[in-house]
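Please load the model in a viewer and keep a selection panel at hand.

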Amino acid sequence: MTEQENHSEQQSVLINQMYENWFLDYASYVILERAVPAIDDGLKPVQRRILHAMKEMDDGRYNKIANVIGQTMQYHPHGDASIGDAITNLGQKDLLIDTQGNWGDVRTGDSAAAARYIEGRLSKFALEVAFNGKTTEWQLSYDGRKNEPVALPMKFPLLLAQGADGIAVGLSTKILPHNFCELLEASIKHLKGKKFELYPDFLTGAMIDVSGYNDGARGGKVRVRVHIEEVDKKTLAIKDVPYGTTTTQLVDSILKANDNGKIKIKSVTDNTAKDVELLVQLAPGVTTDQTIDALYAFTDCEVSISPNACVIINDKPHFIGVSDLLRLSAAHTKQLLLKELEIKLGELEEDWHYSSLEKIFIEKRIYRDIEEQTTWEGVLDAIDKGLKPYKKKFRREITQDDIVRLTEIRIKRISKYDTFKADEHIKGVESEIEEVKNNIIHLNDYAIRYFEGLLKKYGKGRERKTEIRPFETIQAQHIAIANTKLYVNYKEGFIGTGLKKDELAFECSDLDNIIVFRKDGKMVVTKVADKAFVGKDIIYLAVFVKNDERTTYNMIYVDGKTGITYGKRFNVTGITRDKEYDLTKGNPGSKCLYFTANANGEAEVITITLSPGSKARIKVLDFYFEELEIKNRSAQGNQVTKYPVKSIKFKEKGRSTLSGQKIWFDDAVGRLNKDGNGTLLGSFEESDRIIAFYKDGSYELTDFELTNRYEPDNLVRIEKFNPDKIVSAVYFDAKSGNFYAKRFKIESQTLKNKYQFIKEGEGNYLELVTTRPEPVITIKSGKKKTELTEETIALHDMLEITGWKTIGTKLNMADIREISLEEEQDGNEHGSDAPTLF
């Protein structure tokens, strides 16, 4: 190897080492100094320096944020823009900084005014929990000119309250914000040895499903939804925004979904001012229930957030759950409180020591012993000798500094010395010392009282804003609107949205799967595409619905090997997409002679004509599909005839051979389902209806479509509708302060229209409602809860059946406190067709 080559190789190795070292240094710097918060105070360095600078400037008045930025730049080695953004972010969290001026709006995405126009100061809460110079560990600033805190002595789980986002080199962190009061309550529970749960809470409100939160650790997920209200049948109102989303982004996502044909709307209007309000005008022919589902499925009205809690512990990043973060915060707070108590105890001991020393020095007139002394040493010795008889009374040794301090007492103070006040002061100090020592011994109880004090002092107005509730899973295919046209070439076997010269099959969604049956007895399911070959001689195609156990296919086919004709009935519930399935026995030459698809399992009657040359005596026969059992698609079916078939013709429409559909209501999400979740409402035929009664005194009739939405928080009762049943209701009239009862039949039966059957007025509400034939209620009344009287009333005996618009009969009891419906004696209401009472 030449000298030049050797030198080149050495340079290459050196550069590689430099790159490796520099990259690691840079990665470590970004992780520790920029992106990831510290466990001790929950702050990133720039946030900590901002708060320290504001504390230095604090005089109780507001400061221009431009000045705060300038002060912070003494500690933060970066530009003013990053500091300004960090201050704005802190201020918008409404916890540590008391703001004044236009600080922007996280809901709309509006930015804050320029730093020279807005002002801020540390909040009272911040001053109480985040600062104590005596317990703070200090370090030199980046230029060595000033001291800055290594970490603020934070006595509160700030990291969980504010949340944190950061992207570093090779890792990221995302800690969601939690509720102020719930964090303090959880800290108290932890210190008491009780279990606690923590879930996110956002200043933007909305709803959250925390079933997959996983304690905020890696791998978890939460779903956040906006509240959508129905203003009328053509208008929806969106009342908040998901965390991390602005109204502008929300409007853009809705318009994009409309442009892509996922939803159908006329317009979106942003009326956001003090409160968020987006009005969505629906297109003709679109229902509100379907649109609400589509908004959640295809727009930012629902977002998924994946937390990833990563914090700096002992100068290293750690992935950790929020429960452990709270436990560490509570332990850290206890240690800080212990430090404060120990410092206070030392200060009190010094106060007691010097006050006692001063008392003896003045009362025993030891100061007179120094009158004849001519040297400083002599003065100190004289005082020391004078104190010698009393040294055993002191809690520590009397030092020379103590004696020097006595010499500094002025004659004026000696002359006006009040022994009684001095004794009272010493007693007060002794009392405080005992209290502090007791707090140190019972540190856990002291920490609990500390958190309780914070909750009482600062908790008002910081109640949970984000509603926790489970969400139903919306299948996009089920609610996607028909936004494209599907064309088919039956003979050549092509289907697709781009075959506009061929025959129109139907309208569908571009998310749909299409099921295709062919004349050769084969079946395939494929996704909607611009053009797809599915096999020649198509006889039937439709949108495929997975797990559909009601759609029944009736089929007659001839076996290519034996010539025997078979009949079968089957469902198609689950398939592998683009896989070809043979519905015959699989022999070459088999073909389908007759095929129908029946949405509710109808079984028709057909006429089969045999070939004239066959040996069969009866050459025309009727075949009843209802005689066949519904099996799976792979069953060969039952033999119909062994003779050749000339033709098959439809003769008579058949009835459904399926029982009614069982429908359940899940009150947790306010939705119907067929999966057995919630309470069984009953078995439903096509013409059956559901009736729902609401707290506002209205009822609503609906069909049993699974897309229907009910208001679980406003719902009093939901059941299968029986037009012959009598409704008994008790309601409260706020204006008169009385309860009224009435019995009536449901007369107005227009679907999805609400009918008010109690008096309209602010504060009026429905107390109870039932469709029992002989309802009995119990009324408890009285001025005192401990002295209540009970009265039982049979509503069917007391009340006549009237129209649904009548006011009803006043219940004459005074001071009614409780009205309840008595259980039926002959069984409960929760049979298969029984109504559901909430």
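**First selection: Ser-781**

Ser-781 has a relative accessibility of 8%, below the 20% cut-off, and therefore counts as buried. The model is a predicted one. Ser-781 belongs to strand 44, which spans residues 776-781. Display its surroundings next: beyond the neighbours within four places in sequence, Ser-781 contacts Glu-787, Leu-788 and Thr-789, together with Met-813, Ala-814, Asp-815, Ile-816 and Arg-817.

The structure contains 32 aromatic pairs. Select Phe-693 and Phe-757, whose rings are arranged edge-to-face, with 6.0 Å centre to centre and 90 degrees between the planes. This pair links distant parts of the chain, 64 residues apart: Phe-693 is in strand 37 (residues 690-694), while Phe-757 is in the loop between strand 42 (754-756) and strand 43 (765-770). Phe-693 is buried at a relative accessible area of 0%, and Phe-757 is buried at 1%.

Because Phe-744 is in strand 41 (residues 738-745) and Phe-757 is in the loop between strand 42 and strand 43, the pair ties together parts 13 residues apart in sequence. Phe-744, like Phe-757, is buried.

Which residues do ring pairs link into a cluster? Select Phe-693, Tyr-699, Phe-744, Tyr-755, Phe-757 and Trp-804 to display it.

Move to Arg-218, which lies over the face of Phe-319 at 3.8 Å from the ring centre. Finally, select Arg-462 and Phe-180: the charged end of Arg-462 sits over the Phe-180 ring, 5.1 Å from its centre.

How values were computed
Residues are numbered from 1 along each chain as its sequence is written. This is a predicted model: local features need pLDDT of at least 70, side-chain atom pairs count only at pLDDT 80 or more; totals for chains, interfaces and linings use all residues. Side-chain values use heavy atoms; hydrogens and water are left out. Helices (H or I, at least four residues) and strands (E, at least two) are DSSP runs, numbered from the N terminus. Buried means under 20% relative accessible area, exposed over 50%, partly exposed in between (1.4 Å probe, protein chains only). Contact means heavy atoms within 4.5 Å. Rings of Phe, Tyr and Trp (its six-membered ring) pair if their centres lie within 6.5 Å; planes under 30 degrees apart count as stacked, over 60 as edge-to-face and the rest as tilted. A charge sits over a ring if NZ of Lys or CZ of Arg is within 6 Å of the ring centre and within 35 degrees of the ring normal.
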